[in-house]
Amino acid sequence: MSGRLRFGVVEVLVAAVGLLAAAEGWAEDKKKEEEKPSANAERLKWWQDARFGMFIHWGPVALKGTEIGWSRGAQVPIEEYDSLYKKFNPTKFDADAWARLARDAGMKYVVLTTKHHDGFCLFDTKQTDFNVMNSPFKRDVTKELAEACRKHGLAFGTYHSVCDWHHPDFPLGSPGGKTKKPNPNLDRYEQYLRAQVTELIKNYGPLHVMWFDVPQEFDARRGGGVLKMVRELQPDILVNDRISVPADYSTPEQRVGGFTMKRPWETCMTIASQWAWKPNDPVKSLEQCLRTLVRCAGGDGNLLFNVGPKADGEIEPEQADRLRQMGAWLAKYGESVYGTRGGPYMPTARVASTRKGNTVYVHVFDWDGDSVTLPPLPRKVTAATLLTGGQVKAVQDDKGLTLTVGAGDRREADTIVKLELDGPALEITPIRVGGGTVKATASNTFHNSDEHGPEMAVDGDPHTRWATDSGTRKAWLAIDLGKDTAFDGVRVQEAYPGRVRKFAIEVQTPGGEWKPVHSGTTLGADFRARFTPVVARHARLNILEATEGPTIWEIRVVEAKDPNK
Ligand code: H79
């Protein structure tokens, strides 16, 4: 759970600023903006089809092997951190090799940290001397990589942190933005940021994306102003959602995003544990890497997969090997990822699906013996084959769609069943898998977005959750079991354990009243309660007190005869 907790911080930040945005009437401007056809629509479509990109976190901090930005003033004293660039001389840096690796991995775009929260600039900026041209290396890394990417047919974009714990004008400092600078000047800092963003677009563009991060101190008006400038400089650029306004797409961090076809999204995730290089950092298994990519595609999102090159300029051979393995897999089965949209089956821990034309690709990670049964497809399957090789039997009946594959043809990471339908797969309304007939409603949903709706807490997918607006102190999440059901327990997984301070589990009486069957003060990551069996169709988690907007990964009742209790 701690991983989820840790990486939620940015999302909370983005959420909080999102609220501010609405409060300031920014939403109306957005509405007007949405009425115009967007100049980046074509690029956005290309990017969604591309699905897979390389994120690169690099800088002098690689000399220490600690985390970029965050270790400044924490694991590494500030003076030492800020002097590292004087020894930064990555003689093995070869932009062409990085670009070739991205290509070999099956990636279609690259995003490089031109400046992280530590303020060091990996490009030839005229706005500060704190940049790579003043290191012994004296080479414009950003320029070389941008050119190599173009040469190898990859789109190139820049990660540029909005917050800057090094710059004297930025109000917050290291460690972790927790200290205050003596003489900040946010207006002047904004001019600095604008000047750098302008340099990036003019000198290294056209860029694929301006990937902003952590807009501390930037409210929606300030962030929205920067966004407007970016779009004026390059109308077809993509901009992520970390400039205090939603811009083009969402960016779940270190977790696979929830299914949605209403808003583009991209998961950013590290191939090992740290963003920047760390000695002996264990690399994710091939199975984990492939499933992450497939789960993103199945949820209709992208994956921006991060490597942290070493201080000498080389990408760890172990990371490079893993990426090439992914590329080899994509070379064989890429048709089930590239150019597809997510669904129609919404992803779960056990399956994901992708679709294009009249084809659905069912990616099975986990089988029930020889087969897997999915809810009915509202179209006829005219042919079923195994993209990963071998024999598959597909049967459509009242129960649903059952796919059967023998042990020898089931693949470790992902067995891909290719279904041809009698019509366009994209016309199928997304189908929930495994959540069964349980429906959910709630008193409040974060930004009213489907991605954080109450259904997310009953979809059987541990990666998606119900969330409430920030500042919510009381809320309820009700589940409809579809019919009267005998149950004697409940399980709840709280995201951000500790927010809920007082709650009751309640069931609805035939008269429509809510009656508590259990009450408590602490939920947490894996809450289980047992009580005297009750029979009811409707139950709810009534949160009576919370320190911040409560959010729940999953909730389910334990049926009275449930063998898994
Ligand atoms: O650049 C990467 C992160 O450094 C940055 N976004 C991605 C793309 C980021 N900034 N803030 N956050 C992520 C959220 C905060 C995470 C933290 Fe931690 C958890 C800060 C302290 C605890 C991660 C784990 C960083 C240090 C330890």
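Reader: Which residues does T445 touch, not counting residues up to four places away in sequence?
Author: The model is predicted, and local features need pLDDT of at least 70, side-chain atom pairs count only at pLDDT 80 or more, and totals for chains, interfaces and linings use all residues. Residues are numbered from 1 along each chain as its sequence is written, and side-chain values use heavy atoms, with hydrogens and water left out. Touching, or contact, means heavy atoms within 4.5 Å. Leaving out residues up to four places away in sequence, T445 touches H452, G453, P454, W466, A467, T468 and D469.

Reader: Is T445 buried or exposed?
Author: T445 sits in the loop between β18 (439-442) and β19 (466-467); strands (E, at least two residues) and helices (H or I, at least four) are DSSP runs numbered from the N terminus. Buried means under 20% relative accessible area, exposed over 50%, and partly exposed in between, with a 1.4 Å probe and protein chains only. The relative accessible area of T445 is 12%, so T445 is buried.

Reader: What is the relative accessibility of L477?
Author: L477 is found in strand β20 (residues 475-495). Beyond four places in sequence, its contacts include W466, L541 and I555. L477 counts as buried because its relative accessibility is 0%.

Reader: How far apart in space are L477 and N280, C-alpha to C-alpha?
Author: In sequence, L477 and N280 are 197 residues apart. In space, C-alpha to C-alpha, the distance between L477 and N280 is 43 Å.

Reader: Is α5 parallel or oblique to α6?
Author: Helix α5 (residues 95-104) packs on helix α6 (residues 141-151) with the axes 8 Å apart, at an angle of about 45°. Axes are lines fitted to C-alpha atoms, for helices over the stretch in contact, and angles run from 0 to 180 degrees between N-to-C directions. Angles under 35 degrees count as roughly parallel, over 145 as roughly antiparallel, 65 to 115 as roughly perpendicular and the rest as oblique. Therefore α5 is to α6 oblique.

Reader: How many residues in the contact of α5 with α6 are charged?
Author: Ala, Val, Leu, Ile, Met, Phe, Trp, Tyr, Cys and Pro count as nonpolar, Asp, Glu, Lys and Arg as charged, and the others, Gly among them, as polar. The contact is made by A95, D96, W98 and A99 of α5 with E144, L145, A148, C149 and K151 of α6. Six of these residues are nonpolar and none is polar. The number of charged residues is three.

Reader: What is omega for the cis peptide bond between S174 and P175?
Author: P175 is placed in the loop between β4 (172-173) and β5 (179-180). The bond joining S174 to P175 is cis, and omega is about -5°.

Reader: What is phi of S244?
Author: S244 lies in the loop between β7 (238-239) and β8 (266-270). S244 is buried, because its relative accessible area is 5%. Although S244 is a residue other than glycine, its phi is positive, near 75°.
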